[in-house]
Amino acid sequence: MNENQSEEDASGHSGSTMKAQGKKDEDLQRQINQIKHKIVVLSGKGGVGKSTIAVNIAVSLALAGKRVGLLDIDFHGPSVPKLMGLEGQHLNIDGNLIIPSVYGPFLKVMSIGFMLQNQDDAVIWRGPLKMGAIKQFLSEVSWDSLDYLIVDSPPGTGDEPLSIMQVLGPQTKSVLVTTPQEVSLTDVRKSISFCRKLSSEVIGVIENMSGFVCPNCGETVNIFKTGGGEKMAREMGVRFLGRIPLDPMIVESGDSGKPYVDAFADSESAQIFMKIIQPILLLDK
Ligand code: ADP
């Protein structure tokens with residue numbers, strides 16, 4: 001038995017366990033330091049299009065020539081592999097590091113979805129396990145140096161958003177997604193105060209599913225109302241990034257795994273996405 005193994009600290013940890021933990025923390029910090037801009041996409045409610053927007057922001061940034069990572073920490077409902085047409089992929093290991101999946105030359109993608117034997121498997125984890133997995137997804141994946149890491153977090157202000165903000169540190173910024181109606185706005189206000197409590201700068205709010213242009217008559221129908229996200233952003237003192245309409249092609253592109261901004265680059269909604277990412281691109285000037 002060597003000196004390290006025989007020595008235990010007050011909490012019962014041996015010297016070698018503490019050394020191993022120290023090395024893990026160093027690896028994690030080294031990886032995080034290689035990422036210039038960390039952005040978590042949050043929503044107060046599920047189903048408002050947060051994952052769709054996280055994917056399309058990541059792809060838009062990659063199309064703009066940035067080196068981008070997209071990390072899906074929605075452990076209970078990972079939809080990023082499906083939305084990006086990467087479903088069913090299994091990841092390779094190089095030395096100690098997991099090789100993330102890739103979309104095009106500039107976008108690396110990591111999700112618990114790549115690790116499930118079966119897409120219908122349920123992940124049943126409590127908080128500490130999720131924290132451990134988030135750290136591993138950062139420290140044991142070969143992200144290399146990135147201009148942006150976009151994180152798709154589950155809705156609300158629970159374990160996952162809290163853990164990722166804590167692990168990535170105070171430079172982490174956030175983008176909030178809401179639909180225009182009051183039930184969603186009430187919850188996104190909570191997300192804004194969550195970000196403020198954690199000193200995470202809110203880059204802005206996106207109002208999704210804002211109006212629907214009828215393909216038959218051309219008339220705009222505000223199914224979930226419109227303008228609520230912008231009004232709320234003004235009241236809360238955060239920037240309003242833009243309004244994305246309800247668009248059947250966004251559903252179609254998500255279901256067929258072809259990110260909208262790439263598949264329909266010339267469409268009006270894709271142009272809106274490109275406008276929305278301008279303040280994010282400015283961070284890298
Ligand atoms: P969340 O991550 O908030 O749960 P998703 O991104 O999974 O939401 O989106 C939920 C559903 O809504 C998906 O089928 C997606 O294609 C669809 N969706 C998202 N945004 C739009 C939009 N602007 N127009 C039409 N459908 C949309």
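Rings of Phe, Tyr and Trp (its six-membered ring) count as a pair when their centres lie within 6.5 Å; planes under 30 degrees apart are stacked, over 60 edge-to-face, and the rest tilted. Searching the whole structure turns up 2 aromatic pairs. Phe75 and Phe137 make a tilted one, at 6.0 Å centre to centre with 55 degrees between the planes. Phe75 sits in the loop between strand 2 (68-72) and helix 4 (80-83), while Phe137 belongs to helix 5 (residues 127-139), 62 residues apart. Both Phe75 and Phe137 are buried (under 20% relative accessible area, 1.4 Å probe, protein chains only).

A word on the source: this is a predicted model, where local features need pLDDT of at least 70, side-chain atom pairs count only at pLDDT 80 or more, and totals for chains, interfaces and linings use all residues. Residues are numbered from 1 along each chain as its sequence is written, and side-chain values use heavy atoms, leaving out hydrogens and water.

Phe137 also turns up among the residues that Leu71 touches, along with Trp143 and Ile164 (contact means heavy atoms within 4.5 Å).

| Residue, atom | Ligand atom | Distance |
|---|---|---|
| Lys50, backbone N or O | oxygen | 2.8 Å |
| Ser51, polar backbone atom | oxygen | 2.8 Å |
| Asn208, polar side-chain atom | nitrogen | 2.9 Å |

The protein covers 80% of the 570 Å² of accessible area that the ligand has on its own (Shrake-Rupley method, 1.4 Å probe).

Notes:
Helices (H or I, at least four residues) and strands (E, at least two) are DSSP runs, numbered from the N terminus. Buried means under 20% relative accessible area, exposed over 50%, partly exposed in between (1.4 Å probe, protein chains only). A polar contact is a pair of N or O atoms within 3.5 Å; within protein, one must be able to donate a hydrogen and the other to accept it, and residues adjacent in sequence count only if both atoms are side-chain atoms. Lists of a residue's contacts leave out its neighbours within four places in sequence.
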